[in-house]
Structures are given as C-alpha cells and as structure tokens.
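Trainee: I would like to go through the terms used for this structure. Please set each value against its definition.

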Amino acid sequence: MGSVLDTRSLNRATLARQLLLSRAALSAEEAVAHLLGLQAQNVKPPYFQLHARLEGFRPAALAQLMESRKVVRMVTMRSTIHTHTAHDALTLRPLVQAARDREVGAFRKGLVGVDLERLGELARAFVEAEPRTMGEIREELLTHWPAADPQSLSVAARCRLPLVQVTPRGVWGRSGQVRLTTLEQWLGRPPGAEPPAHSVDETVLRYLGAFGPASVKDMQTWAGLTRLREAFERLRPRLTAFRDENGVELFDLPDAPRPDADTPAPPRFLPEFDNLLLSHADRTRVIPAELKGRTWTGNQAHRTLLVDGFVAGLWRWEDMEEKGDRRDKEGKGEGGQASIAVELFGKVSTAQKEHIVAEGERMIAEMGETDGTGRRPSVRFGSIHG
C-alpha cells in the first residue's frame, strides 16, 4: 500500500480537483461535466457552486444551458436532484438504476397488486404527452390502482423512469412549478441501456478526477451505490494507491494534481448541499471533526464558508435595511442593499477576514444581487440567525 496522505494533503488535492484552489477558465458546461454534476436540491445552489469555481461566471451562463437543454435537472446520485450535462444524464442515470429499483422495494407494502412494468408504461405515456407535476402523476396512477399508497406510487414512477424537471424550473431569475417528463422526450434521444463494465470504470476514473484521492467507500457514498470494489480492482494497474491517517486505502489518478499541503486556499462561499461536503464517507478532509453536525439543522443543509480550505462558518443573504418578515431569504429585501451575514465558528486572522469580505463582495456583485444604487455591498460578521 502507498504512502500516507495527511488530512491537509487530502484537503488540498480535493480542492484542486473541485476547482476551489483557484477559479478555472472553463465554460459552465465544461465545469458541470468535470464535476460530474452539481447538487441541485434547491434551484440556486448550482449557480453558486459554479461562481465559487469559475473565473468570470455569471448566472446567465448556466441559465442558457438549462434553456437550451444542454444541461438538465434530474434524480441521480443518492436519489437526489442533480444538474447534469445532457451526456452525463444519459449515462449516469442508468448507472444508478439498480439503486433506484432497491428504493422502490422499500415501498413494496404500499404497492401490493401494482404491476411495476405497467406503471412505468402508463407513467411514461402520461408525462410524454405533456410535462406533469408529481401530484398529477400520482392522481393518474391512482385511477389504475386506487388501493395503492399514493406516496409509494410517486416513488415508483420517479425511480422507474428517468424524469427531468423541465424549464423554467431551474432557470436563474425565473420561477416555475416542478413539471416532469422523460429524459428521452426532453432531449430527443434515449439513455443508454444497462451500463457495461467500461462505463462503470470510466465513471470511477472521472470521480477520482473530481473528488480524489478517494476510497471505494467514498465513491459509494457519492454515487449511492454499493459493490464498486470490483471496478476499482480492475482499474488498480492504472491507479496510484495511498493511505489516509487511519490506514484506509485511497486510490487516485497517477497524474492528478496533489498540491503541497501548505498551498494557500482562498475563502469560498459554498451553497447548501455542495457536493464537496457530501461526496466522501470520511468528510474530515473538508469538515473538521469537531464541527461535525454544525452544517445542518434537521435535514436542511446550511450555506458554508471555507477558510484555509476547511469549513469555518456559515453564511446567508440578508438585507441591512429591511428586517423581519420582509427580508428576502434569497438575496436583497424590498428596497434594501444586498448583504451577507457570516457566522464564524472560531477566530480568524485580520488578513483572512479581509479576504472573506472581498470574496463576499465579489459574489454579491457578480451574482447580480445589488440594488442598482451603486452602493457597496456589505459583509457583516455575527449570527446568521440574529
């Protein structure tokens, strides 16, 4: 087994793969492909993920890809919504189909008497006639199986079919109800069949390129899959092996960047559900062990701040002038100046604080969250709840 990579070395390597050590000169589409998709449980996080990673990124770049159907929003890894390139949607969705089938199995008590093959055919015809809401899909299926559990029917339809959220849902600055159709209908071409071994192997290599060095369990956590050890073993002659400080074997691409542990890491504002924080079994390469649980409340993830490469606080948009119920949780309030509140978990240096402020002001300005008056956006330090 290879040499040991300490936590800071793993941190810097992962940040380099994630385009977070310095902003990359990639297009939005190239970045979405490199990262194997962007976590998209909410509408705005994919845009903030790209702003933290790309030089000159503006929301219109991703919005245009959504509207031209070059990227799509759909359920893939971990049974959660991701924004993928059209190519990856067609190849990654079949890769996780076995996991989606197991998910349906967990709801079998509510599907007694339901023919899943027929359910898939009926749901496909229904959503391909025109995009439908999940409520409409559920009601349609209840006409065929009135005794079935409504939620179980919804889960079965979502898991059996590659459903995409059609625009304007997911387009920056626009609103729209979640309406679904099949990936084939939206893109005009079908996804692949059962993924061959080489497709799985290619995904392993791409995962390591975006999240490595990583263990088998790390990738299984990212994908929501099991039994990937065989693929790593097939690829072992092409990979480099390391160990982490706990003795866990880590795999990596031989020529992938592994910067020195002391490489400077600028502050970065990450949105809720950023894949950087969700794609390893051991998250201490980014989240210090003593902060475990601080980035979540219940099942809701907070927006996080990286300082020196590690999670060091939380942040939120707020309005300096409008308080209370009129505050806009996604940006500026009614008539007020856009600002960011930052809650630090510990002390930072004066220089680090200045860098945080500069990065926050840049994000506000470049993401279009200013009030048009020319006033400088504000970054304040304190509780994000107060």
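Mentor: Start with contact: it means heavy atoms within 4.5 Å. The model is predicted, so local features need pLDDT of at least 70 and side-chain atom pairs count only at pLDDT 80 or more, while totals for chains, interfaces and linings use all residues. Residues are numbered from 1 along each chain as its sequence is written, and side-chain values use heavy atoms, with hydrogens and water left out.

Trainee: Which residues is threonine 304 in contact with, leaving aside neighbours within four places in sequence?

Mentor: Arg268, Phe269, Leu270, Leu277, Thr295, Val311, Gly313, Leu314 and Trp315. Threonine 304 is found in strand β11, residues 303-307. Strands (E, at least two residues) and helices (H or I, at least four) are DSSP runs, numbered from the N terminus.

Trainee: Why is threonine 304 called buried?

Mentor: Buried means under 20% relative accessible area, exposed over 50%, and partly exposed in between, with a 1.4 Å probe and protein chains only. Threonine 304 has 0%, so it is buried.

Trainee: What makes histidine 280 count as buried?

Mentor: Its relative accessibility is 2%. The cut-off is under 20%, so histidine 280 qualifies. Histidine 280 is in the loop between β8 (268-270) and β9 (296-297).

Trainee: Which side chain makes a polar contact with the side chain of histidine 280?

Mentor: That of arginine 285, at 3.4 Å. A polar contact is a pair of N or O atoms within 3.5 Å; within protein, one must be able to donate a hydrogen and the other to accept it, and residues adjacent in sequence count only if both atoms are side-chain atoms. A polar atom of the histidine 280 side chain also lies 2.8 Å from the backbone oxygen of phenylalanine 211.

Trainee: What makes helix α12 mostly covered?

Mentor: Six of its eight residues, 216-223, are buried. Among them are Met219 and Trp222. Glycine 224 follows α12, with a positive phi near 70°.

Trainee: How do you know that β2 and β3 pair?

Mentor: Two strands pair if DSSP finds at least two bridges between them. Strands β2 (71-75) and β3 (81-85) have five bridges, so they pair, in the antiparallel sense. Valine 75 stands opposite isoleucine 81 in β3.

Trainee: Why do β1 and β5 stand at the edges?

Mentor: The open sheet of five strands has the order β1-β3-β2-β4-β5, with antiparallel pairing. β1 (38-39) and β5 (180-182) each have a single partner strand, so one side of each is left without a neighbour in the sheet.
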